Amino acid sequence: MEFLGDSSETDKKKMKKRFHRHTPHQIHRLESYAQHERADNCALKEENDRIRCENIAIREAIKQAICLNCGDAPLHEDSYFDEQKLRIENAHLREELEKVSSVAAQFMGRPFSHLPPLLNPMHVSPLELFHSGPSLDFDLLPGSSSSSMPVPPTLPSQPNLVLSDMDKSLMTNIAVTAMEELLMLTQTNEPLWIKANGCRDVLNLDSDENMFPRSSGRGGKNHNLRKEATRSSGVVFTNAVTLVDMLMDSVKSSELFSSIIASSKTLAVISSGLRGNHGDALHLMLEELQVLSPLVPTREFSVLRYCQQVEHGTWAIVNVSYELPQFITHARSYRFPSGCLIQDLSNGYSKVTWVEHVEVEEQEPIHEMFKDNVREGIAFGAERWIATLQRMCERFTALLEPATSSRDLKGVIPSPEGKQSIMRLAQRMVSNFCLSVGTSNNTRTPVVSGLDAFGIRVTSYKSQHEPNGMVLCAATSFWLPVSPQNVFNYLKDERTRPQWDVLLNGNSVQEVAHIANGSHPGNCISVLRGFNASSSQNNMLILQESCVDSSGSLVVYTPVDLSALNMAMTGQDTSYIPILPSGFAVLPEGGRNNQNAEIKAEGGGGGGGSLITVGFQIMVSSLQSGKLNMESMETVNNLISTTVHQIKTTLNSPSAA
């Protein structure tokens with residue numbers, strides 16, 4: 001029995017040996033092969049992801065493409081067939097991936113799990129980030145957004161970046177440190193701040209370096225770097241909570257500062273804040289700031305925006321640069337801790353103290369006309385932010401007042417809804433104009449012509465309302481030895497309008513509707529009716545908004561037909577009413593000769609000269625490229641040259657245009 005048992009055990013051992021079909025060396029080679037297959041599969045998966053992302057990016061770019069010759073969108077196949085081709089392509093990709101996964105699973109001895117999504121975001125060019133479509137017909141007032149309305153010029157606020165916990169921790173530390181510095185800047189006076197020209201707060205750079213020792217914003221020595229730092233404060237007709245809500249939202253802040261912010265985008269929300277009140281909210285943002293002139297380059301910033309409730313009724317919002325070079329297209333600008341301290345006054349008003357502290361790299365010399373204005377911190381400084389904030393908050397308050405207010409001089413507008421509709425249309429007009437005269441290339445299609453011998457810059461964009469229409473925008477700036485207040489009064493006055501408005505052909509205009517939207521009598525919206533001298537019949541309507549504050553003034557207008565205006569006056573949606581805004585931006589001249597050139601809120605005159613920017617927009621139908629470049633540009637250039645000549649002549653200035 002033992003012998004038989006031994007024989008049985010021997011047979012079992014032989015049978016077991018038969019299952020060892022591979023030597024250790026062979027197993028090692030197979031495992032190595034399986035590892036190579038896994039690596040190859042990973043590489044294929046990454047390549048598939050890369051190709052798919054490039055495919056998406058290219059298709060999105062093609063959707064926005066515009067022919068530089070004719071201004072039209074390129075011809076493309078029907079969207080149905082495009083979708084079908086994408087579905088077929090995706091099916092092939094899935095088949096390829098499944099085949100590779102099956103092969104890998106055979107050698108690995110277990111099912112293959114697909115790779116996790118890539119942590120690094122696909123590269124998106126800054127132009128794609130800022131581009132919001134070819135049309136600039138926007139409705140920018142709060143409460144006016146709807147799915148049927150045009151896209152605003154602000155950039156979409158969806159987060160674009162994938163941030164690690166380490167990134168978020170670093171950003172939080174930077175923001176908290178910046179907040180501490182901002183609070184000291186807003187609450188400390190001399191010697192940190194000194195008075196320029198006896199009235200403006202300008203940072204004492206030596207005291208600042210002693211109090212906050214640090215290197216240059218971008219490090220290293222660069223003789224083209226220059227710092228600007230100013231502070232200003234004022235009382236604003238809005239409560240603190242509402243202000244915080246507007247300033248922490250990239251869309252709302254762009255509406256509020258449409259004359260300053262050319263484009264804005266929230267890249268990521270690091271913290272949404274506590275209890276829904278923005279306390280400790282931290283956002284990563286892109287902003288492009290502008291001066292209303294084709295002679296001044298815009299400034300682009302990637303910043304952390306951090307909000308903190310300092311105490312009951314007191315809030316602080318700080319902006320500090322967090323450099324993302326891949327998103328910046330122009331010469332870099334660095335924002336040291338800047339922002340505002342908001343103190344609620346418990347009566348519907350707030351006191352706001354604003355600080356702007358930047359370091360800019362001047363790759364090209366500033367145009368001589370604007371050199372003092374920029375370098376003295378007037379063009380981009382804190383006073384401009386405060387003055388604009390005060391004026392716009394008054395405008396938002398006027399939006400909610402009934403149409404029968406005693407400040408509405410004409411009783412043409414029948415209802416509060418009609419008044420609000422007219423004001424929203426006017427705000428869209430003003431915002432469109434501000435973008436058309438600045439130097440931002442992130443919100444416009446290509447520059448048709450740079451600054452020519454007369455300083456005229458021409459850009460173009462495709463009309464949202466005319467299928468084959470292109471709009472040409474031409475702008476130039478010039479100087480007048482006349483006070484900004486006198487220039488504003490002249491441009492706003494309907495009685496002097498025939499002297500400069502070449503499209504009137506010398507005919508008069510009459511104001512038929514008036515909406516006051518601020519404490520200054522110059523802040524208003526008007527509907528003007530033009531008359532034909534021979535027939536005395538109404539032949540055109542003009543919607544005009546004028547606004548003025550201590551930083552400058554605007555007079556913007558657009559022709560509208562009677563049916564469109566009636567639609568607005570009855571409170572209907574005006575987002576699809578076509579507009580072609582033209583007008584003027586008037587800034588006080590910088591320099592020692594213009595110390596008293598500020599426009600006072602009470603309507604005082606002030607001395608010094610004026611920097612005037614004039615802009616025109618004209619509709620061009622689907623013409624051939626040669627006609628677009630010659631006839632249309634000649635037309636818009638003649639409009640500007642003639643208007644500038646008329647203004648200079650009338651205001652007793654040298655007549656050279």
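Colleague: How do strand 4 and strand 5 pair, and over how many bridges?

Modeller: In this predicted model, strand 4 and strand 5 run antiparallel and share eight bridges.

Colleague: Is strand 4 mostly covered or mostly open?

Modeller: Mostly covered. Strand 4 spans residues 261-271, and nine of its eleven residues are buried.

Colleague: And strand 15, how many of its residues are buried?

Modeller: Six of the eight, over residues 524-531, so strand 15 is largely enclosed by the rest of the structure. Strand 15 pairs with strand 14 in the antiparallel sense, over seven bridges. Ser526 in strand 15 is the bridge partner of His514.

Colleague: Back up a bit. What does the secondary structure of the chain come to?

Modeller: There are 14 helices and 19 strands. The chain has 657 residues, and 49% of them count as buried. Its accessible surface is about 31,700 Å², with 54% of that belonging to carbon and sulfur atoms.

Colleague: What share of the contacts between residues at least 6 apart joins residues at least 24 apart?

Modeller: 67% of them, counted within the chain.

Colleague: Now the cores. Which residues have the most contacts inside the largest nonpolar core?

Modeller: Phe257, Ile342, Val352, Trp354 and Leu389, in a core of 42 residues. Several elements supply at least two residues each, including helix 7 (240-247), strand 5 (282-289), strand 6 (299-311) and strand 10 (350-361). Helix 10 gives the most to this core, with seven residues.

Colleague: What is Trp354 in contact with, leaving aside its neighbours within four places in sequence?

Modeller: The contacts of Trp354 include Thr230, Arg231, Leu247, Phe257, Cys340, Trp385, Ile386 and Leu389. Trp354 also forms one aromatic cluster with Phe257 and Trp385.

Colleague: How many aromatic pairs does the count come to?

Modeller: Seven aromatic pairs. One of them is Tyr334 with Phe336, an edge-to-face pair with 5.1 Å centre to centre and 65° between the planes.

Colleague: Are Tyr334 and Phe336 buried or exposed?

Modeller: Tyr334 is buried, at a relative accessible area of 15%. Phe336 is buried too, at 3%.

Colleague: What about Trp500 and Tyr557, why is that pair called tilted?

Modeller: The planes of Trp500 and Tyr557 stand at 50°, so the pair is tilted, with the ring centres 5.9 Å apart. Anything over 60 degrees would count as edge-to-face, and under 30 as stacked.

Colleague: Where do Trp500 and Tyr557 lie?

Modeller: Trp500 is in the loop between helix 12 (484-492) and strand 14 (509-516), and Tyr557 is in strand 17 (residues 552-560). The pair therefore ties together parts that are 57 residues apart in sequence. Trp500 counts as buried at 1% relative accessibility, and Tyr557 is buried at 6%.

Colleague: Which charged end sits over the ring of Tyr557?

Modeller: That of Arg497, 4.4 Å from the ring centre. Elsewhere, the charged end of Arg299 sits over the ring of Phe380, 4.0 Å from its centre.

Methods
Residues are numbered from 1 along each chain as its sequence is written. This is a predicted model: local features need pLDDT of at least 70, side-chain atom pairs count only at pLDDT 80 or more; totals for chains, interfaces and linings use all residues. Side-chain values use heavy atoms; hydrogens and water are left out. Rings of Phe, Tyr and Trp (its six-membered ring) pair if their centres lie within 6.5 Å; planes under 30 degrees apart count as stacked, over 60 as edge-to-face and the rest as tilted. Buried means under 20% relative accessible area, exposed over 50%, partly exposed in between (1.4 Å probe, protein chains only). Helices (H or I, at least four residues) and strands (E, at least two) are DSSP runs, numbered from the N terminus. A charge sits over a ring if NZ of Lys or CZ of Arg is within 6 Å of the ring centre and within 35 degrees of the ring normal. Two strands pair if DSSP finds at least two bridges between them. Contact means heavy atoms within 4.5 Å. Accessible areas come from the Shrake-Rupley method with a 1.4 Å probe; for residues, only the protein chains shown count as cover. A nonpolar core is a set of buried Ala, Val, Leu, Ile, Met, Phe, Trp, Tyr and Cys residues joined through side-chain atoms within 4.5 Å.
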